[in-house]
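User: I would like to go through the architecture of this protein with you. Please take me through how its parts are arranged.

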Amino acid sequence: MTPHPAPPGPPGPHRPHGPDGTADFDSAQRIMARFTAQLTTQLDRLGHHGVRRGGRERPPTLVAVAHGSRDPEALRTAHALLDGVRALRPGLPVRLGHIELNRPLLTDTLAALRGEVVLVPLLLSRGHHIKQDIPEAVAAAPHLTARIAAPLGPDPLLAEALHARLTEAGLRAGGSAGPGVVLAAAGSRDPDAAVDTARTAALLSARLGGVPVLPGHASGSGRTVPEAVRALAALGHDRIAVASYFTAPGRFATQCASAVPGPAAAPLGAHPAVARLVLRRYEQALTSAPLSHPAATVGV
């Protein structure tokens, strides 16, 4: 007698069946695909956080670019400012490089680094250093993946720091026509620099509640500091102060302070608002594409 095949048993708990009693392999494959995708996502997240916590992934190095000065206080101020940056962002590698006059020079700083860097100019406006010197230094370091941040100015954080320095110097409202302020800047032959300084003057005026602020320059083209003083006096302002629009002490800052008969504020220096601004420019630059070599452009 020919044996009859045994009837199929009931489906097991881990064996999905279709209407014809056979395993629904397509359904099982879909379940496995979803499970694999979810597991991969969880592992990716775990690995990402593990890299951060384990310190195996370093953020791009922030290279602060100072101009340099023969005044020894300028170098101390730059280091104090970067100490403030490090305090705000522990774990962020921060280095210093100078365009001239002080060590380390920017070219030497870049030569000693590897990987990704973001150059943050400790400069207050556009000009030759921003458009030529810094990009040329980056072009000479093709071993780096580099971005260049915009200069610090203009920005409301600078107006905050300038206001604080003026208050420290004793600027007070009062008198027949109220005070006037000269925003003393280094100056440049580049017209973009004058535009940036004028914007900072407008920001500072708004921060001071409408006190008139006129730019005055120590060099380059445009109104000089003594000319700005005379212009404010002609408008009837009986107290004129100088806002020192310099990141650190130096010859120009001293020269401008002596040209104004009223209170002279200290340079921006290591004010906490400037440290916050350095990090803001760093973060903004990270959203731009790295520079190609040998050409270099400035990020905004």
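**Sheet and helix packing**

Analyst: In this predicted model, helix 9 (residues 272–286) lies across strand 1, strand 3 and strand 4. Its direction runs at about 130° to strand 3.

User: In what order are the strands of the open sheet arranged?

Analyst: The open sheet is formed by 4 strands, and their pairing is parallel. Strand 2 (94–98) and strand 4 (144–148) are the edge strands, as each pairs on one side only. Neighbouring strands are turned by 30° against each other on average, direction ignored. The order is 2-1-3-4.

User: Which residue of strand 4 is the bridge partner of Val118?

Analyst: Strand 3 (residues 115–121) pairs with strand 4 in the parallel sense over 5 bridges. In strand 4, the bridge partner of Val118 is Arg147.

User: What angle does helix 2 make with strand 2?

Analyst: Helix 2 (residues 72–88) packs on the sheet, where it touches strand 1 (61–66) and strand 2. The direction of helix 2 makes an angle with that of strand 2 of about 155°.

User: Are helix 2 and helix 9 roughly parallel or roughly perpendicular to each other?

Analyst: The axes of helix 2 and helix 9 are 9 Å apart, and the helices pack at an angle of about 65°. Angles of 65 to 115 degrees count as roughly perpendicular. The two helices are therefore roughly perpendicular.

User: How many nonpolar residues are in the contact of helix 2 with helix 9?

Analyst: Leu81, Gly84, Val85 and Leu88 of helix 2 meet Val274, Ala275, Arg276, Val278 and Leu279 of helix 9. The contact includes 1 polar and 1 charged residue, and the number of nonpolar residues is 7.

Technical notes
Residues numbered from 1 in each chain as written. Predicted model: local features only at pLDDT ≥ 70, side-chain atom pairs only at ≥ 80, totals over all residues. Heavy atoms only, no water. Pairing = 2+ DSSP bridges. Axes fitted to C-alpha atoms, helices over the stretch in contact; angles between N-to-C directions. Contact = heavy atoms within 4.5 Å. Parallel < 35°, antiparallel > 145°, perpendicular 65-115°, else oblique. Nonpolar A, V, L, I, M, F, W, Y, C, P; charged D, E, K, R; others polar.
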